[in-house]
Amino acid sequence: MEAKGAAFVPIAVLATAGDQLLKLHATSTVSVGAREPLIGNVLSVTHVPSMGGAFGFFGSWLPDAQLVGFATLALCAATVILFMDRGLAPGERGTAAGLGAMLGGIAGHAIDRLRYGSGLDIIHLGPAESNAVPDFSLADVAIVLGLVTLIVELLATELATRAAERPRR
């Protein structure tokens, strides 16, 4: 397996499997809508179906239309990610890892829609009775970390290119 594949595939699989295993645990141990403190007032396990996407995207659509909408978005995003990964140079492991994390998160959300008919949030930060921070899932974390990795890689590459172009004194 080439270097970028050694980052892309395992991270995508790990993100998807980790997300689904945590959701399996949450759905079997926590009642719908409940929060069970895990680490004091810092972290709770929750079981909250999420009909819409981020910022309520597709939230007012009928369930079947939501499924079609989210499936279409997931397929488009996965296709773009796979084409981007395919175009990477063999040594671009950081970018491949970021793309793999994003693909794993997208796959986790797609599986939720097929299994539960909605998204599923299972992680709550802060006191269990507080709603200051929205609930989220490991799939959300994977997508965000993947995006942050891509931004850091882009900035590092740009800075290295600019440094190489500067005249030496």
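Select Gln-66, in helix H2; helices here are DSSP runs of H or I with at least four residues, strands are E runs of at least two, and both are numbered from the N terminus. Gln-66 counts as buried because its relative accessibility is 2%, where buried means under 20% relative accessible area, exposed over 50%, and partly exposed in between (1.4 Å probe, protein chains only). Show its contacts next (heavy atoms within 4.5 Å). Leaving out residues up to four places away in sequence, Gln-66 touches Met-51, Gly-52, Phe-58, Gly-59, Trp-61 and Arg-113.

The model is predicted: local features need pLDDT of at least 70 and side-chain atom pairs count only at pLDDT 80 or more, while totals for chains, interfaces and linings use all residues. Residues are numbered from 1 along each chain as its sequence is written, and side-chain values use heavy atoms, with hydrogens and water left out.

**The whole chain**

Zoom out and colour by secondary structure. The protein chain has four helices and three strands, in the order α-β-β-α-α-β-α along the sequence. Its C-alpha atoms fill a box of roughly 65 × 40 × 30 Å along the principal axes. Of the 169 residues, 34% are buried. Among contacts between residues at least 6 apart in sequence, 67% join residues at least 24 apart.

Switch to a surface. The chain exposes about 10,100 Å², and carbon and sulfur atoms supply 70% of that area, as computed by the Shrake-Rupley method with a 1.4 Å probe, where for residues only the protein chains shown count as cover.

**Helix H3**

Select residues 93-116, which form helix H3. The 24 residues should span 34 Å at 1.5 Å a residue, and the end C-alpha atoms are 34 Å apart, so the two agree; the expected span is 1.5 Å times one less than the number of residues. Just after H3, Gly-117 takes a positive phi of about 80 degrees.

Stay in H3 and pick Thr-95. Is Thr-95 buried or exposed? Thr-95 is buried, with a relative accessible area of 12%. Beyond its neighbours up to four places away in sequence, Thr-95 touches Leu-88, Leu-150 and Glu-153.

**The nonpolar cores**

Next, select Phe-8, Ile-81, Ala-96, Leu-99 and Leu-103, the residues with the most contacts inside the largest nonpolar core, which has 14 residues. A nonpolar core is a set of buried Ala, Val, Leu, Ile, Met, Phe, Trp, Tyr and Cys residues joined through side-chain atoms within 4.5 Å. Helix H1 (3-29), helix H2 (63-86) and H3 each supply at least two residues of this core. H3 gives the most to it, with six residues. Another core lies apart from this one; it has seven residues, among them Ala-26, Val-30, Leu-120 and Phe-136.

Return to Leu-99 and display its contacts. Not counting residues up to four places away in sequence, they are Phe-8, Ile-81, Met-84, Asp-85, Leu-88 and Leu-150.

**The loop between E1 and E2**

Finish at Asn-41, in the loop between strand E1 (35-39) and strand E2 (43-50). Asn-41 counts as exposed, at 53% relative accessibility. Which residues is Asn-41 in contact with, leaving aside its neighbours within four places in sequence? They are Gly-126 and Pro-127. The C-alpha atoms of Asn-41 and Gly-126 are 5.4 Å apart, across 85 residues of sequence.
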